[in-house]
Amino acid sequence: MSIRRRIWLFEGAVLTVLALFFGALFWAFLSYQQLIDENRDAIGLMIESQQVMLALKDTETARTVFFEKPDSRSLSAYDDARGNLLDTIAHIEAYAPGDRDNSEEGKTIGMIAAGRLARMDKDVEFTKAHRPSRQMAEIATKMHAIDRLQTETAIGALVANHQIHTDQIWTLLDRAGHWVLNFIVLGGAFIILTSLIAIVVSMRYVMRPILALATGLDTISQNESPKEIAVPEGDELGLVAGAFNRLTGHLRDAEARREATEEKLTRANKELVARNAEVIARTRSIDLLGRVAYRLPGCSNIKEFSSLVESFVPQLFPNIPGALYVFSDSRTVLTEVAQWGEPKGDTAEFSPENCWGLRRGQAHEIDNVAADVVCDHVRRDAVLGYRCLPLVAQSETVGLLYLERTNESVPWAIEAQDLRVLSETLALALVNLRLRESLREQSTRDPLTGLFNRRFLQEALELLQARVDRTDLSIGAIMIDIDHFKDFNDEYGHDAGDVVLKNLSDLMRRHVRASDIICRFGGEEFLVVMPGATLARAAECAEDLRKSAAEMQIIHNGITLKQITISLGVALIPDHASDVKDLLDAADQALYVAKNGGRNRIETGVPVPNRPHATNLLEMPAPEAETTDGAASTSLFGR
């Protein structure tokens with residue numbers, strides 16, 4: 001077989017290998033492009049999800065406006081927002097028809113948004129039909145804020161799951177890149193090995209007669225980058241040299257392409273690593289925010305609320321100290337209820353006028369206190385920068401979130417979206433907590449006098465009975481009734497009677513201990529329960545109330561009302577009863593005796609056998625002041 005034929009056969013084999021190599025490389029490129037297209041569809045679905053969230057918020061706002069002012073204009077605005085939401089729902093449900101996963105998630109998000117829209121439609125129809133009061137509309141708006149938060153959380157969970165799917169696609173891209181890189185390296189090694197074989201064959205069959213060809217082959221065998229050899233054409237050696245030179249050019253091109261591809265893959269790998277770290281951080285933030293939003297609504301009081309805030313906020317913003325402030329009932333002072341990270345520039349309480357964030361109704365961010373306007377409640381010399389974020393829910397400012405930077409070495413890295421979601425979550429939870437406290441207060445207080453009602457009294461007496469069963473606790477009871485109150489109402493009217501009841505309630509608050517329980521027992525009948533009191537202390541309190549009531553001067557509509565008197569029945573555990581039920585019966589019987597005995601007097605209940613007692617405390621010497629220690633007047637209940 002001639003050299004020419006050998007070379008032709010060899011070149012054919014090499015070209016076949018190269019064709020297979022570049023064919024496999026082209027197939028890898030198409031697979032890589034397909035993964036990128038899939039990731040582009042996933043990101044597009046995330047954008048569509050954000051559009052649905054924005055449309056939901058617009059519709060929620062229009063529904064709130066219609067609650068506050070149910071007219072045709074606000075209804076038209078709601079209908080426009082509703083139509084826009086329906087368009088976004090239809091668009092996301094029809095998104096990515098060729099991708100089953102994206103299509104199913106789009107339909108799920110559309111179904112959640114449609115469910116939320118249906119509930120809002122029912123609220124609007126109810127408002128159009130019944131025209132609820134402003135108070136009912138405000139309560140309904142606050143309660144539906146929880147529904148909105150749940151809807152946004154559900155959609156956010158789907159988006160987070162979709163983000164995980166996107167991360168998986170990026171992982172596949174990284175693996176594909178590594179596979180292509182390995183394929184190129186192995187292909188290059190195979191080509192180099194084939195070239196070395198060609199050198200051996202050429203040297204063997206031409207016996208290295210030509211110095212130029214020998215020098216070129218020697219260069220190839222010693223250098224990583226091959227060079228062309230100069231051999232005259234016209235014979236088989238020339239043909240071999242030409243084929244070798246062409247092969248050398250292919251190798252250089254392949255090497256250049258390999259280096260370029262390797263550089264691109266290296267850059268893509270670095271970007272992917274950075275993106276992965278960012279996704280991990282965002283996933284952690286979303287998880288923390290989700291746990292905060294899940295736990296805060298379960299708080300029953302501000303102490304539990306503050307404890308949760310102090311636990312979760314440092315995890316969300318590490319190495320960034322801060323504090324949480326809430327408005328007082330008078331809304332004239334903000335009080336610090338929680339702090340974390342030992343902030344240095346905060347104050348215990350301050351007026352709303354001292355904060356620029358509360359003045360403007362928006363976040364006040366200071367990166368350098370030396371070059372900007374600083375709030376009066378922040379100690380300028382203790383911080384480098386700070387942020388004041390008003391907590392606003394349902395158009396009401398309920399508190400302030402304060403974050404500060406005191407160390408230049410600590411990064412001032414705060415994700416704006418996390419900060420916004422946290423402030424909205426805290427504001428909604430505070431509004432819900434105050435609403436629950438208000439409802440609890442209404443369920444245990446008499447609306448006219450502000451005293452405890454019989455429902456609260458029943459619960460309190462059950463707890464006191466448990467203490468009586470465990471210990472030797474004494475409990476005093478004073479049953480009080482206004483004398484001739486029906487005649488008073490007939491003479492002055494029920495409005496004047498209500499004024500008398502309020503004044504008498506205020507008087508009782510001033511003359512009993514903080515540990516005593518005052519209850520409106522009936523129409524003009526009151527009850528004072530005194531845990532830990534002696535009979536002498538109960539008698540002294542009853543006489544003090546009787547005298548003070550007789551001395552009251554009550555003015556109503558410019559008229560000084562006539563003097564009122566009260567009758568009182570006093571009983572004590574264990575002197576007159578063994579349990580709280582018998583205690584109330586004994587005090588009520590004593591009150592009955594006082595009213596039948598001429599009114600404006602005090603009587604005690606029937607004593608337990610073998611215990612001395614006085615039937616009329618007005619005829620007894622004035623009781624001495626009680627000298628008990630602090631434990632004797634301590635109770636689980638306050639006024």
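Lysine 547 forms a salt bridge with glutamate 543, and their closest N and O atoms are 3.8 Å apart. A salt bridge here is a side-chain nitrogen of Lys or Arg within 4 Å of a carboxyl oxygen of Asp or Glu. Welcome to this structure, which is a predicted model: local features need pLDDT of at least 70, side-chain atom pairs count only at pLDDT 80 or more, and totals for chains, interfaces and linings use all residues. Residues are numbered from 1 along each chain as its sequence is written, and side-chain values use heavy atoms, with hydrogens and water left out. Helices (H or I, at least four residues) and strands (E, at least two) are DSSP runs, numbered from the N terminus.

**Salt bridges**

- The structure holds 16 salt bridges.
- In general, side chains of opposite charge can pair when their charged atoms come close.
- Lysine 547 and glutamate 543 both sit in helix H13 (residues 535-551), four residues apart, or about one turn of the helix.
- Lysine 547 is partly exposed, with a relative accessible area of 44%, whereas glutamate 543 is buried, at 17%. Buried means under 20% relative accessible area, exposed means over 50%, and partly exposed is in between (1.4 Å probe, protein chains only).
- Arginine 267 forms a salt bridge with glutamate 263, with 3.3 Å between the closest N and O atoms.
- These two partners, arginine 267 and glutamate 263, are separated by about one helical turn because they are four residues apart in helix H6 (residues 236-295).
- Arginine 267 is partly exposed, with a relative accessible area of 43%, and glutamate 263 also counts as partly exposed, at 48% relative accessibility.
- Lysine 581 forms a salt bridge with aspartate 585, where the closest N and O atoms are 3.6 Å apart.
- Lysine 581 and aspartate 585 are four residues apart in helix H14 (residues 580-596), so about one helical turn separates them.
- Lysine 581 is exposed, with a relative accessible area of 58%, while aspartate 585 counts as partly exposed at 35% relative accessibility.

**The five-stranded sheet**

- An open sheet of five strands has the order S8-S9-S7-S12-S13, with mixed pairing. Two strands pair if DSSP finds at least two bridges between them.
- Its edge strands are strand S8 (517-520) and strand S13 (602-604), each of which pairs on one side only.
- Neighbouring strands of this sheet are turned by 20° against each other on average, direction ignored. For such angles, axes are lines fitted to C-alpha atoms, for helices over the stretch in contact, and angles run from 0 to 180 degrees between N-to-C directions.
- S8 and strand S9 (residues 525-531) run antiparallel and are joined by four bridges.
- A hairpin through four residues links S8 to S9.
- Isoleucine 517 stands opposite valine 529 in S9.
- On the S7 side, seven bridges join strand S7 (residues 475-482) to S9, and these two strands run antiparallel.
- Methionine 479 has leucine 527 as its bridge partner in S9.
- Seven of the seven residues of S9 are buried, so S9 is largely enclosed by the rest of the structure.
- In a regular strand the side chains alternate between the two faces of the sheet.
- Both faces of S9 are covered: Glu525, Leu527, Val529 and Pro531 are buried on one side, and Phe526, Val528 and Met530 are buried on the other.

**Helices and a surface patch**

- Helix H12 (residues 494-511) has 18 residues and reaches 26 Å from its first C-alpha to its last, close to the 26 Å expected at 1.5 Å a residue. The expected span is 1.5 Å times one less than the number of residues.
- The buried residues of H12 are Ala496, Gly497, Val499, Val500, Leu501, Leu504, Ser505, Leu507 and Met508.
- Isoleucine 47 lies in helix H1 (residues 3-68) and is partly exposed, with a relative accessible area of 44%.
- Isoleucine 47 and isoleucine 92 are 45 residues apart along the chain, and their C-alpha atoms are separated by 9.7 Å.
- Leucine 193 lies in helix H4 (residues 134-206) and counts as partly exposed at 48% relative accessibility.
- Ile192, Leu193, Leu196 and Ile197 make a nonpolar surface patch of about 370 Å². Patches are made of residues with over 30% relative accessible area and no salt bridge, where like charges are joined within 9 Å and nonpolar side chains (Val, Leu, Ile, Met, Phe, Trp, Tyr) within 5 Å.
- Accessible areas come from the Shrake-Rupley method with a 1.4 Å probe, and for residues only the protein chains shown count as cover.
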